[in-house]
Amino acid sequence: MSEMAATPVPLPAKRRGAQLLMLALAVGITMFAYANVGLAMNGKVPAGMLTYGLGLGGFMLAAYLVLAKFAPWADPLILPLVTLVNGIGLVIIYRIEESHARGTAGASATNQLIMTGVGVVLFAVTLIVLRDQRALQRLTYTAGFVGLFLLISPLIPGLGKTVNGSRIWIGFGPATIQPAELAKIALVVFFAGYLVAKRDVLALAGRRLLFIDLPRARDLGPVLITWAVSLGVLVLQKDLGSSLLLFGTFIAMLYIATQRTSWVLIGILLFVGGAFLAGQIFDHVQARFEVWLDPGRQEFFDRELGGSAQLMQGLFAMGAGGILGTGLGQGHPYLVPLSFSDFIFSATGEELGLTGLMALLMVYALIVERGLRTSLAARDPFTKLLAGGLSFLLAWQVFIIVGGVTNLIPLTGLVTPFMSQGGSALLANWILVALLVRTSDAARQPPPQAIQNEGLTQVFQR
Amino acid sequence: MNSTVKRIAVACLAMFALLMVNVNYVQAVKADKYSEDQRNLRNFYERYAVQRGRITAGGKEILAQSRETDSSEFRFVRQYTDGKLYAHITGFFSPESAAGIEAAENKLLDGSSSDLLLRRSIDLFTGEPTKGANVDLTINPRAQKAAYDALRASGKRGALVALNPKTGAILAMVSLPSYDPAELSGTDKSKVFARYDVLAKDKSQPLLNRAIGQTYPPGSTFKVVTAAAYLEDDDSRGPNTTVEAPQRLPLPGTTISLPNYGGAACGAGQVPLVFALEKSCNTPFGSIGMQLGYAKMKEQTEKFGMGEQIGVPMSVTQSDFGPEEDKAALAMASIGQRSNRMTPLQMAMIAAGIANNGTVMKPYLVNKITDSKGDSIEDADPQELSEAVSPETAGKLREMMVSVVNNGTANLAQIPGVQVAGKTGTAETSDNRPPHAWFISFAPADDPQIALAVIVESGAANVGAEATGGHTAAPIAKQVMEAVLKN
């Protein structure tokens, strides 16, 4: 750490021109893909091409302008990369919708485009309102309370709705919101603020066991509480994904804050223990494990609840795509249930192939690593933790859902960030990106020049 | 905190690396296993992803074609213009199987044949979707229609095959009862399979192509073969050679004797060969068979193509003269009874062989195969199958068969202005059903354009005398011959 600080960091350039170019490229790739779908499926460029292009391009130009004005030093890569993933998601949803196949009635690229617009508005509002991310530190406990409330809100009678066996939705009339998506950001803010305040205490060594310094028993409180909340989400809402997402992110942030490997080990032990217990008690957790171990088994394939049919259809889709994919509009990705939301990654794999998925994963990895780079460059512990936590949250979410649909790990329902159809997640993730952009702006801004000698004062202009 | 952030960065990279390795595993290593999985519907949809070629008759009449749909699952569905009429020729194209030409020429129709490699390569460059090759059949639509209508008018089950005796081209092939191939070519699996089960269990066996897939005792039509063997055995024999024609032929080693049809007398006990054929007497031919012996009879049958593995391209059930037994059995087999079993196609080939101066041509259905752009892939190449009898013998047989139509049992097959050669048959069946009515013929006798065989199952009407096959089957044959000749 000290070594890092000693090296003089060259002042970063704003790179606004490069960002605009890359943004145009991201919109261009999306347009190209959109035309591709229309040509393959109907033999002509889609009628809505212009509206669509102007829509997405306009939103992104607006986002760019707000960013250039209110966060001029921000990382130039994050926005174009997110735009690209968002755009590809829109194209896949459009393609699924166009198939008019059974079970795809829920797919609506128009809705998703509108939601993207709202997401960009929230992105802009966040950047405009939140001029200094450190202001969030003062809201630590408010954020914690809001996060917790959002998390448990689906359990409130009359407000919560059960969809597909999970109670993770709240409804106002026809509109439904998945509050856990917003809760996760509030909770990362809370974790960051809380851990900055308590990290010295939490880092205190207790007893030494073998080569690990255990924390003191009395400091286990926060971990146990988070663990209990995560288990609560799992048990009461049957939402494996959010539970795992929340707990994993907390452990990663705890590790960043305290630099204690023992916390990671304790976290893993608690998680494994909790998962094992849940597996013993709850059929649906048990079912996910069975399916993970042998998804092809006919008995699991035919099982109505907690069966492997959807997973297998996803794998069939990816297998059909092979190395180069069938080409947009030329495969049968709509055969996968929820191919436009939870399983959009499999659908993409069928039509864009291994090549497309590798590129997509690379784009996600780049977003995450840019976020973590921001964390490294940040000047205060809260910003470091916030940027690190948000980046890890994104990586962890991609890992859980993509690992799930490719059967690397047991499948737990989560949205694929920026791609899956669904307003709540898209809005939450655009806020997350706004926070990353805000922190990167702070981190990359040249520090105020110390006035050494009034007589030699010079005015630098960049 | 930077050191831990860096470690988290490495951990994140490791997670993405794991995902990438796993995606490679799924899409490159396991892909084949997934695509072979029975539960993967893509294989099913793949059947409908390519525009299958057309099946046509006579170069223009479309029997089957693929129509583009709006559905993304089933891009092209199969249509049959006159389904029932051509069902046993075109076959069907069901979700999991196919029959007839649809099955036999599947690789060309769906464009996957290596013969279409060049076309596919060109399509790849020009960006055109691959289409299957078009298959044109030798079927004469008018003859087919005449055969189908005439046979159906009899109200019985049966089959008819008509050949061009000079080339072996199949001009008509009908089997009744028929089915609608459209019902078996739908994309709704459960509906198709349910319909298939009904058809498969139907006692009248509508799915069976009787023309090539069923053997029957040929009855008196087989006397033509016995006569051929008799004439071949000694060049000096001819239509007027006198043969023994007792009222009953004692069968050696048994207590029974072979009567003529209805127990009637055949002339004065000694008749010319041509008279025996005209009146379709049993005793002379039973006696000839015993006189020639099993080996010579079987050899003559084989010379007409029996025992040969034939694909038209659909494979043809083998006909069989029957095993070597005692003299009594040989006498019965020589008049087309006992274990003697022939397909209608085999009987048509016998007529065609005699018509074509003794040379049997290999029967075939496919006239021409062209790729989607009309370039020829394959043209029919008529081939000799065997030399059944010498041209002299063929001439004598022809003379006698003409006489059968003009003076004998087959007068209902006469066509004004055209010399028709034919032979009737009434085949007893082992069970207690009425006998089958047969007729084989060719015309015009001096320059044959068509040779055919028709069988009407249990179709022999009770009209007395020997005229049963002639009564039911010969008029059907006449209508088909007229359809071909009166162009």
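A residue is termed buried at under 20% relative accessible area, exposed at over 50% and partly exposed in between, with a 1.4 Å probe and protein chains only. Helices (H or I, at least four residues) and strands (E, at least two) are DSSP runs, numbered from the N terminus. The structure is a predicted model, in which local features need pLDDT of at least 70 and side-chain atom pairs count only at pLDDT 80 or more, whereas totals for chains, interfaces and linings use all residues. Residues are numbered from 1 along each chain as its sequence is written, chains are lettered from A and ligands numbered from 1 in the order in which they are written, and side-chain values use heavy atoms, with hydrogens and water left out.

In chain B, strand β5 (residues 158-163) is mostly covered, with six of its six residues buried. In a regular strand the side chains alternate between the two faces of the sheet. From β5(B), G158(B), L160(B) and A162(B) point one way, while A159(B), V161(B) and L163(B) point the other way; all are buried. Two strands are taken to pair if DSSP finds at least two bridges between them. Strand β5(B) runs antiparallel to strand β6 (residues 170-176) of chain B and is joined to it by six bridges; within this pairing, L163(B) stands opposite I170(B). The hairpin of β5(B) and β6(B) has six residues between the strands, and G168(B) takes a positive phi near 95 degrees there. Six bridges also join β5(B) to strand β17 (residues 450-456) of chain B, again in an antiparallel arrangement. In β17(B), V456(B) is the bridge partner of G158(B).

Helix α16 (residues 327-334) of chain B is likewise mostly covered, six of its eight residues being buried. These are A328(B), A329(B), L330(B), A331(B), A333(B) and S334(B). With contact defined as heavy atoms within 4.5 Å, the buried residues of α16(B) pack against α12 (223-233), α14 (282-292) and α15 (294-303) of chain B. G336(B), which follows α16(B), has a positive phi near 80 degrees.

Chain A has 16 helices and five strands. Of its 462 residues, 55% are buried. Among contacts in chain A with a separation of 6 or more, 71% are between residues 24 or more positions apart. An automatic or database domain assignment supplies the domain bounds, by which chain A is divided into domain 1 (1-129 + 307-444) and domain 2 (133-281). The C-alpha centres of these two domains of chain A lie 25 Å apart. Their contact takes 30 residues from domain 1 of chain A and 31 residues from domain 2 of chain A.

The size of an interface is often given as the accessible area lost when the parts come together. Buried area here is the accessible area (1.4 Å probe) that two parts lose on being put together, summed over both. Domain 1 and domain 2 of chain A bury about 2500 Å² between them, 78% of it on carbon and sulfur atoms. On the side of domain 1 of chain A that touches domain 2 of chain A, the elements giving two or more residues are α15 (381-405) and α16 (423-444) of chain A. Of the elements on that side, α15(A) gives the most, with 13 residues.

Between the chains, 32 residues of chain B are in contact with 59 residues of chain A. The two chains bury about 4200 Å² between them, 71% of it on carbon and sulfur atoms. In chain B, M1(B), R39(B) and R42(B) lose the most area to chain A, together 21% of what that side buries. A salt bridge is a side-chain nitrogen of Lys or Arg within 4 Å of a carboxyl oxygen of Asp or Glu, and the rule finds one across the interface of chain B and chain A. R42(B) forms a salt bridge with E350(A), the closest N and O atoms being 2.7 Å apart. The elements that give two or more residues to the side of chain B that touches chain A are α1 (2-29), α2 (31-36) and α3 (42-46) of chain B. The most comes from α1(B), with 21 residues.

In chain A, G349(A) lies in helix α14 (residues 344-377). G349(A) counts as buried because its relative accessibility is 0%. Not counting residues up to four places away in sequence, G349(A) touches M318(A), G321(A), L357(A) and Q27(B).
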